[in-house]
Amino acid sequence: MSSRRDSHNKNQHEKAHDHTHGHGTGFHHHHHHHHHWDSADPSVRDRLLWALGLNAAFLFIEVVAAFWSDSLALFSDAGHMVMDVAALALAYGMAVLSARRPEGRYTYGFRRAPVLGALGNGLALLVMVAFILHEAFIRIQSPPEIAGWPVLITGVAGLAVNLVSALFLAGGHSHSLNVRGAMLHLIGDALGSVGAMVSGAVILLTGWRPIDPIISVFIALIILLTALPLVTGTIRVLLEASPSSDLIDRIRDFLRHNGRVKEVSDLHVWELDSGALAVTAYLLTDPEVPLHELADISDELRDSLKDEFSVVHAVLEWRCHPSPHACDTEDSTHDPSH
């Protein structure tokens, strides 16, 4: 009798364990490794490297011209070019780091490394704005002698370098905050070159020296307007906020559209990098739905989420839909991976 009772209890335990596999957390890793990590686009890294080399080569020329002309507009443009080179180097380093596969404690890999690069670039832009405004205030009170021709010629050359570099990066079609931060540096520096051109032209034509610091203030304010959204955007990503207020509702409605999904609960949506989302959710279903069908649906939903919303990491856990025959609490929370 004792042997028969032990055998019966063992069979009951195995049935409960199998039922939990079908409706608990046991299958959300099925064919899922390719969504857990996506390498950074190698073409983006190549474009960053080319832009870095081009700007570093021009930096030397602009520094020499700035010292020769003693122009604040050119000095601020050269200073911003230094920041460009540093920004592109940082962006390139973060892009290389983000391509590393998950390992050890970094189970998401280094997808957030470009976000840190973008934050560093944004803060550097704010520091540069403060420096330019400080120098402009001093020079407005006592405008120095400025050589117009070096300012004008270097401004034209700088504009060409920065526009070519920015267009080169834009051709990569990357939505990364890291690339966006590098492009903002280049665009801001292009504005600085335009300012240097205007300053040089006005000085050559009229000799009015205050134009140089005035143009510099204008450039600094434009850079400020572009840097603030970058900094706030990276902070939002680091705080794991949803990219938009209605995105969670859109993803919930998308999941509900599947016939086997009766309800969606405990839905979380956050950014790993700009345009790269992660999602976790409980999906309620009927208890009689077989495991293999739910596993296939999970894979289909993950593929669809990636196509529709750029979700690169999705954990979907099935639970029994509340009913008189629903799974009890113990079965629905058991993790068979243990």
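1. E271 and R236 form a salt bridge, with their closest N and O atoms 3.2 Å apart. A salt bridge here is a side-chain nitrogen of Lys or Arg within 4 Å of a carboxyl oxygen of Asp or Glu. The pair links distant parts of the chain, 35 residues apart: E271 is in strand β1 (residues 263-273) and R236 in helix α8 (residues 211-238). Helices (H or I, at least four residues) and strands (E, at least two) are DSSP runs, numbered from the N terminus.

2. The model is predicted: local features need pLDDT of at least 70, side-chain atom pairs count only at pLDDT 80 or more, and totals for chains, interfaces and linings use all residues. Residues are numbered from 1 along each chain as its sequence is written, and side-chain values use heavy atoms, leaving out hydrogens and water.

3. E271 is buried, at 3% relative accessible area. R236 is partly exposed, at 33%. Buried means under 20% relative accessible area, exposed over 50%, and partly exposed in between (1.4 Å probe, protein chains only).

4. The whole structure holds eight salt bridges. One of them joins D299 and R302 (2.7 Å, N to O). Both residues lie in helix α10, three residues apart, about one turn of the helix. D299 is buried at 12% relative accessibility, and R302 is buried at 1%.

5. Salt bridges with shared partners join D253, R256 and E263 into one network. Within it, the side chains of R256 and E263 meet at 3.0 Å, N to O. R256 is partly exposed, with a relative accessible area of 37%; E263 is partly exposed too, with 29%.
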